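Me: I am new to this structure and would like to learn how to read its features one by one. Could we take them slowly?

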Amino acid sequence: MAEKAARIAKCTRTTNETDITLEFNIDGKGQSKIDTGIGFFDHMLTSFAKHGFFDLNVTVKGDLYVDCHHTIEDVGIVLGKAIKEALGDKKAIKRFGNFFLPMDETLVMCAIDLSGRPYLVYDLNLRTERVGYFDTQMVKEFFYAVSYAAEMNLNIKQFSGENDHHIIEAAFKAFAKALDEATTYDRRLNGKVLSTKGTL
Ligand SMILES: [Mn+2]
């Protein structure tokens, strides 16, 4: 097996708008310590770690006096980078993952291909402007940033749902479960990359 010894990454990013430190472990236990300054966003990232069995520590000093935009988008960029770095050469992993996540009246599907090519297909129908201090427009911005920085094909589609808290939370959990599957090792690959090109 060509399994990577430790699939972890620590990324920092500092701009005039945000100062972010993020630690990510693909093979974690679902433990997290999140402090973005945005309560609902902390709730989403905590759920992502828990349901994907990732370990995730995130500390952000963002320009929340402006609004939540830079903080959420930049965490997406850094999380995407950390996923890419932790995955390394992607040898022996399933590469594809998908999950249908129900939450009460809501059903959201997430499908992932860790293809090396960024692409987001986003189809959530959110009705309110914000949940807590989290602007709902930022859900798409976050997942776009993750897909681009991680170089993954990320497809998120809502099949039902009325409550925006449920819909967003279902999307984050579906993303976690799909990524957990895509990053799992498949012994039949015998240490090789799952691609006819031989590389991802
Ligand atoms: Mn909730």
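Me: Which residues is F53 in contact with, leaving aside its neighbours within four places in sequence?

Reply: Two residues are in contact if their C-beta atoms, placed from the backbone, lie within 7 Å. Apart from neighbours within four places in sequence, F53 is in contact with G28, K29, G30 and D180. This is a predicted model, in which local features need pLDDT of at least 70 and side-chain atom pairs count only at pLDDT 80 or more, while totals for chains, interfaces and linings use all residues. Residues are numbered from 1 along each chain as its sequence is written.

Me: Where is F53 placed, and does it count as buried, exposed or partly exposed?

Reply: Helices (H or I, at least four residues) and strands (E, at least two) are DSSP runs, numbered from the N terminus. F53 lies in the loop between α1 and β4 (55–62). A residue is buried if 20 or more other C-beta atoms lie within 10 Å of its own, exposed if 12 or fewer, and partly exposed in between, with C-beta atoms placed from the backbone. F53 counts as partly exposed because it has 17 C-beta neighbours inside 10 Å.

Me: How do helices α1 and α4 pack?

Reply: Axes are lines fitted to C-alpha atoms, for helices over the stretch in contact, and angles run from 0 to 180 degrees between N-to-C directions. Helix α1 (residues 39–52) packs with helix α4 (residues 164–182) at an angle of about 35 degrees, the axes being 8 Å apart. On the α1 side the contact residues include M44 and F48, and on the α4 side D180 is one of them.

Me: In what order do the strands of the sheet with β1 stand?

Reply: Strands of a sheet pair through backbone hydrogen bonds, either parallel or antiparallel. Two strands pair if DSSP finds at least two bridges between them. Here four strands form an open sheet with mixed pairing, in the order β1-β2-β4-β3. The strands β1 (8–14) and β3 (32–35) stand at the edges, each with a single partner strand, so one side of each is left without a neighbour in the sheet. Strand β2 (residues 18–25) runs antiparallel to β4 and is joined to it by eight bridges, and L22 has V58 as its bridge partner in β4. Helix α2 (residues 69–87) packs on this sheet, where it touches β1, β2 and β4, and its direction makes about 35 degrees with that of β2.

Me: What is the order of the open sheet that contains β5?

Reply: The order of these four strands is β5-β6-β10-β7, again with mixed pairing. Here β5 and β7 (119–123) stand at the edges with a single partner strand each, so one side of each has no neighbour in the sheet. Eight bridges join β5 to β6, and these two strands run antiparallel. Helix α4 lies across β5, β6 and β10, running at about 150 degrees to β5.

Me: What is the phi of D104?

Reply: Most residues other than glycine have a negative phi, and most peptide bonds are trans. The phi of D104 is near 50 degrees, a positive value in a residue other than glycine. D104 is found in the loop between β5 (96–103) and β6 (106–113), and it counts as exposed because it has 11 C-beta neighbours inside 10 Å. N190, in the segment after α4, has a positive phi of about 50 degrees although it is not a glycine.
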